[in-house]
Amino acid sequence: MRVLLVSAGTEKINLPTFPLGLACVAQASLEAGHDVACVDLLAAKDPRGVLAKSVGDFRPEIIGISVRNIDDQNMGRPKFLLEQARRVVSWCRELSAVPIVLGGAGYSLFPEKALEYLGADMGIQGEGEEAFPRLLERLEEGGALKGLPGLYLCGQGLQGRRGFIRDLDRLSLPDPSLFSTAAYEGEDFWVPVQTRRGCPMRCSYCSTETIEGNLIRRRSPQAIVRWVERWVEAGFRRFQFVDNTFNLPASYAQSLCAALAEAPNRVEWRCIAYPGTLEQELAGAMAAAGCREVSLGFESGCDEILRRMNKRFNARDVRRAAKILCDQGISTMGFLMLGGPGETRDSVEESLAFVEGLDLKAVKITLGVRIYPYTQLAKIAVEEGLISPDDDLLFPRFYMARGLEDWLRRTIEERIKANTNWVT
């Protein structure tokens, strides 16, 4: 089949994000014998015009649209990003009569509601590298779609229980040439690399388990290094490991660092580290392998709030991890998420004093916590009457401890004046 794959996002949140997931689906579709064309609308000045040309030139038999973000998670001025995806679906409807299939991390959080809202024909929740080619095969053969894992049909619901691919090495990593990098080139662009999927930590507010499951699944370090080398050959030397917890499990991270250090081409990279188990030996291996920046996802400097978030570390662990990274010359960024369950003025002040005592390059502060379905935070919000039990949460809802919002906003505005490396 002729398959047109579209990255629908036109909003740059923080830094532009290369559509890695969609590229993986494109690679899998190519290897299944289909003709594939890819369109990334991020840099398009006239996205409808770009889409119209692609549809006219390629004449697709099916269109896949990736939905990465639902909103920008900004409680003060939330931007509902599904409107952009809705326009893209509408344009595709105007330009072609072929089936439209949704996918992506954002879609996977709200598979039924997003499908209804966006007006597509079907969607795949979860990993598409196996499910999408199977869908193409069924459509080519005119077979029934019942039983396809993770597939939702508009108005008919889930067709088959979704699965999680255990051995990620079964899935080929995408060729760097599949998508244009014109929108990403420059000093701010770091090529995204995903070595693992799934997270077992179950933080109270996090949606990762819904998207990727709670079992850590991984690619071999050798496969990752081979793929990084292909990007180096294409002219790129900066990489960002987008795994939720680079140092879990530590043995795998150690093996990956060793493979990167032994690779023929030196690269620079950054990652997200879990503060609770970061050891000196691994930090040294990370620095030797080219790690230059680490984001420490600790969210609070108050032990009671960390406990309520279901974090499995305390403030002392965070301080220790930050020092270990500093000793290795690795630049470190920290995150605070303020206003969640149990937050008080005292706990906020404790967190602010805590980060002021760390040697961090930057601190990103979030006010309020986006409520996602199937999380402990959603259950708390229902119990406290902040949301109704039947709220599907597609439109952004936020948790903010009662009576804290105005004071918290004023307090952060004042503290940022004294800490120029802090941002909201």
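I began with a term: a nonpolar core is a set of buried Ala, Val, Leu, Ile, Met, Phe, Trp, Tyr and Cys residues joined through side-chain atoms within 4.5 Å. Buried means under 20% relative accessible area, exposed over 50%, and partly exposed in between, with a 1.4 Å probe and protein chains only.

Before going on, I noted that this is a predicted model, where local features need pLDDT of at least 70, side-chain atom pairs count only at pLDDT 80 or more, and totals for chains, interfaces and linings use all residues. Residues are numbered from 1 along each chain as its sequence is written, and side-chain values use heavy atoms, leaving out hydrogens and water.

**The core.** I found 147 residues in the largest nonpolar core, and Ile-65, Trp-269, Met-286 and Phe-298 have the most contacts inside it. I then picked Ile-65 and listed its contacts (heavy atoms within 4.5 Å). Leaving aside neighbours within four places in sequence, they include Val-6, Val-88, Cys-92 and Leu-102.

**Helix 15.** Helices (H or I, at least four residues) and strands (E, at least two) are DSSP runs, numbered from the N terminus. Helix 15 covers residues 405–418. Which of its residues are buried? I got Trp-407, Leu-408, Thr-411, Ile-412 and Arg-415. They sit on the same side of helix 15, because they cover an arc of only 125 degrees around the axis, taken from the directions from the helix axis to the C-beta atoms. Asp-406 and Lys-417, on the other side, are exposed. The buried residues pack against strand 14, helix 13, strand 15 and strand 18.

**Val-363.** I stayed with strand 15, where Val-363 lies. Val-363 counts as buried because its relative accessibility is 1%. Beyond four places in sequence, Val-363 touches Gly-334, Leu-336, Val-355, Asn-421, Trp-422 and Val-423.

**Strand 11.** This strand, residues 238–241, has Phe-239 and Phe-241 on a covered face and Arg-238 and Gln-240 on an uncovered one. Two strands pair if DSSP finds at least two bridges between them. Strand 8 pairs with strand 11 in the parallel sense over three bridges, and Val-191 stands opposite Phe-239. Strand 12 also pairs with strand 11 in the parallel sense, over three bridges. There, Arg-270 is the bridge partner of Gln-240. From strand 11 the chain crosses through helix 9 to strand 12, and this β-α-β crossover is right-handed: with the strands pointing away from the viewer, the path from the first strand over the helix to the second runs clockwise.

How values were computed
Expected span 1.5 Å × (residues − 1).
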